[in-house]
Amino acid sequence: MNKIVVGAYWGDEGKGKIVDLLAADSDWVVRYNGGDNAGHTIVVGDKQVVLHILPSGVLQGKNVAIGPDVFFNPGSFLKDLNHVVESGFKITGRIVIDERAHVIMPYHIKLEGNEKIGTTKRGIGPAAKDKAERTTDITIADMVGENFLERIKEVVSEKKEELIAANILTKTFDDERYCERVHEVYSEYASRIKEYVGETSYLIYEETKKGSVLLEGAQGSLLDVVHGTRPFITSSNTIAGGAASNLGIDLRKFKIIGIVKAYPTRVGEGPFTTELGNYEDAKTEEKMKKLSVEEKRKVIEGDEKLLGRWIRMDGGEYGATTGRPRRTGHPDFVALRYSAMINGIDEWVITKIDVLGGKTFKAAVAYKKDTKITEKFPFRLEGWEPVYSQKEYFWESMTEEQCIQAVTGGYDVLPEKMKQYIRDLVIYTGIPVRMISLSPKREITVVKDVLLRTTEYLK
Ligand code: IMP
């Protein structure tokens with residue numbers, strides 16, 4: 001069956017590992033949104049590979065494609081390719097970059113200055129503006145075409161005022177020289193990516209008939225340009241429906257798999273109802289600093305800020321693209337049910353549940369503001385407080401040996417309290433679970449009886 005993988009929260013749910021796993025049953029792995037603002041981390045044996053634009057399936061020797069609505073930074077693409085080869089992997093499948101994809105130009109990166117959102121500064125927003133403008137975007141077809149320099153000149157001329165205001169064009173570095181300089185660098189890129197340029201709509205249409213297409217979403221559902229926590233969102237459609245419009249596919253032919261990290265995280269600014277501690281403190285704390293025994297004792301006494309730091313540390317929650325600390329929170333069932341709804345999720349995959357071992361946490365089941373209580377995810381999240389269920393979840397950390405045993409033993413041998421948390425998540429969202437990941441390692445993933453047991457919860 002064809003599949004789409006989407007993130008349920010604000011990205012960084014561990015999609016890279018799951019795409020890598022699911023790629024084993026697919027012939028084509030396709031990126032449909034975003035750009036190199038994404039960072040997909042995959043661990044194979046003792047190697048860790050972080051990819052920003054190249055679909056993760058490349059590590060399994062699969063064919064990979066970059067769809068027509070991706071914001072494509074050629075430098076990042078070439079870096080990803082190098083990184084894969086230098087990490088000891090062979091690229092044996094085909095690579096296709098759609099000719100319609102939007103090229104991120106150097107001025108897009110320079111024009112990006114929206115501190116309010118806390119973007120990844122990869123030029124995504126400015127490139128998306130040009131896409132919407134229609135006359136100032138540069139496509140892959142332009143880049144590998146014969147008139148690339150003329151096209152750059154046309155666009156720079158149309159954007160001249162904006163580029164002067166941003167000090168990109170100056171008296172000493174006028175438009176003529178600027179265009180030539182950009183062309184020099186980008187025509188070199190063009191000559192290196194030319195062999196991969198093609199069109200993906202017909203290709204994916206044919207491959208979909210065979211049932212072996214896997215679509216890799218970037219970012220998370222709550223960062224969707226329409227349905228996310230606007231304005232603290234990215235500039236592309238991150239939800240499953242986005243794949244239909246971005247790639248031009250028939251969504252009915254795809255199973256939709258939502259990746260839920262066992263606890264939500266968020267990088268960048270924006271409201272986060274179940275946040276533990278606050279972003280300002282997270283920004284100043286020492287990276288990966290272990291908690292002392294005294295601090296862990298304080299967590300048991302209810303110190304939420306330290307619990308947030310502990311999860312961040314154990315989960316290695318630092319941005320794969322920017323290195324920023326990720327804000328951490330209690331699980332949020334309200335957000336997950338919304339996410340299930342706007343995507344049409346068929347099955348969840350739960351990741352990083354091992355990180356919660358040894359920690360007491362709870363789950364939000366509603367939001368409240370003044371006298372209002374809701375189970376619906378509000379458009380403006382600001383000011384809403386979480387309402388937690390009465391239950392607290394706690395289980396001892398599992399050793400790697402116990403995790404390996406759970407892979408063979410299956411769902412039934414997982415800690416009782418972990419299963420209670422999973423059951424509550426399944427019942428609240430109405431969606432069963434397909435797999436549970438207990439480690440960044442590919443092989444430490446529980447599949448046996450997971451779908452069976454979690455479907456039983458819904459009967
Ligand atoms: P942009 O996509 O760089 O414009 O950033 C917009 C918002 O999306 C910021 O809050 C970023 O931190 C966030 N964001 C973008 N890409 C990712 C991602 O891959 N994971 C998590 N957050 C992301």
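Student: How far apart are the centres of domain 2 and domain 3?

Tutor: This is a predicted model. In it, 38 Å separate the centres of domain 2 and domain 3, taken over C-alpha atoms.

Student: Which residue ranges make up the domains?

Tutor: The assignment gives domain 1 as 2-100 + 198-261, domain 2 as 103-194 and domain 3 as 276-328.

Student: Why does the ligand lie between domain 1 and domain 2?

Tutor: Look at who supplies the shell. Domain 1 and domain 2 both give residues to the shell around the ligand, so the ligand lies between them.

Student: How many residues surround the ligand, and which are the closest?

Tutor: The count is 21. Gly11, Thr119, Thr120, Thr234 and Gly268 are the closest. By class, the shell holds 11 polar, eight nonpolar and two charged residues.

Student: Which helix and which strand each supply at least two residues of that shell?

Tutor: Helix H4 (124-133) and strand S10 (213-220).

Student: Now helix packing. At what angle do H6 and H8 pack?

Tutor: Take the angle between the axes, then the handedness. Helix H6 (residues 148-158) and helix H8 (residues 175-193) pack at about 135 degrees, with axes 9 Å apart. Angles over 145 degrees would count as roughly antiparallel, and 65 to 115 as roughly perpendicular. H6 and H8 are therefore oblique to each other. H6 passes H8 in a right-handed crossing.

Student: Which residues make the contact?

Tutor: From H6 come Phe148, Leu149, Ile152, Lys153, Val156 and Ser157. From H8 come Asp175, Tyr178, Cys179, Val182, His183, Ser187 and Ala190. The residues of this contact of H6 with H8 divide into eight nonpolar, three polar and two charged.

Student: How do H12 and H13 cross?

Tutor: The axes of H12 (residues 293-300) and H13 (residues 304-314) come within 8 Å and cross at roughly 120 degrees. H12 and H13 are therefore oblique to each other. Their crossing is left-handed. Glu295, Lys298 and Val299 of H12 make the contact with Leu306, Leu307 and Trp310 of H13. The residues of this contact divide into four nonpolar, no polar and two charged.

Student: On to the backbone. Is the peptide bond from Arg230 to Pro231 cis or trans?

Tutor: Check omega. For Arg230 to Pro231 omega is near 5 degrees, and the bond is cis. Pro231 lies in the loop between S10 and helix H10 (240-247).

Student: Is phi of Asp12 positive or negative?

Tutor: Phi of Asp12 is positive, near 60 degrees, in a residue other than glycine. Asp12 sits in the loop between strand S1 (2-7) and helix H1 (15-22).

Conventions: Residues are numbered from 1 along each chain as its sequence is written. This is a predicted model: local features need pLDDT of at least 70, side-chain atom pairs count only at pLDDT 80 or more; totals for chains, interfaces and linings use all residues. A residue is near a molecule or strand if its C-beta atom, placed from the backbone, lies within 6 Å of it. Helices (H or I, at least four residues) and strands (E, at least two) are DSSP runs, numbered from the N terminus. Ala, Val, Leu, Ile, Met, Phe, Trp, Tyr, Cys and Pro count as nonpolar, Asp, Glu, Lys and Arg as charged, and the others, Gly among them, as polar. Domain bounds come from an automatic or database domain assignment. Axes are lines fitted to C-alpha atoms, for helices over the stretch in contact, and angles run from 0 to 180 degrees between N-to-C directions. Angles under 35 degrees count as roughly parallel, over 145 as roughly antiparallel, 65 to 115 as roughly perpendicular and the rest as oblique. A crossing is left-handed if the near helix is turned anticlockwise from the far one by less than a right angle, and right-handed if clockwise. Two residues are in contact if their C-beta atoms, placed from the backbone, lie within 7 Å.
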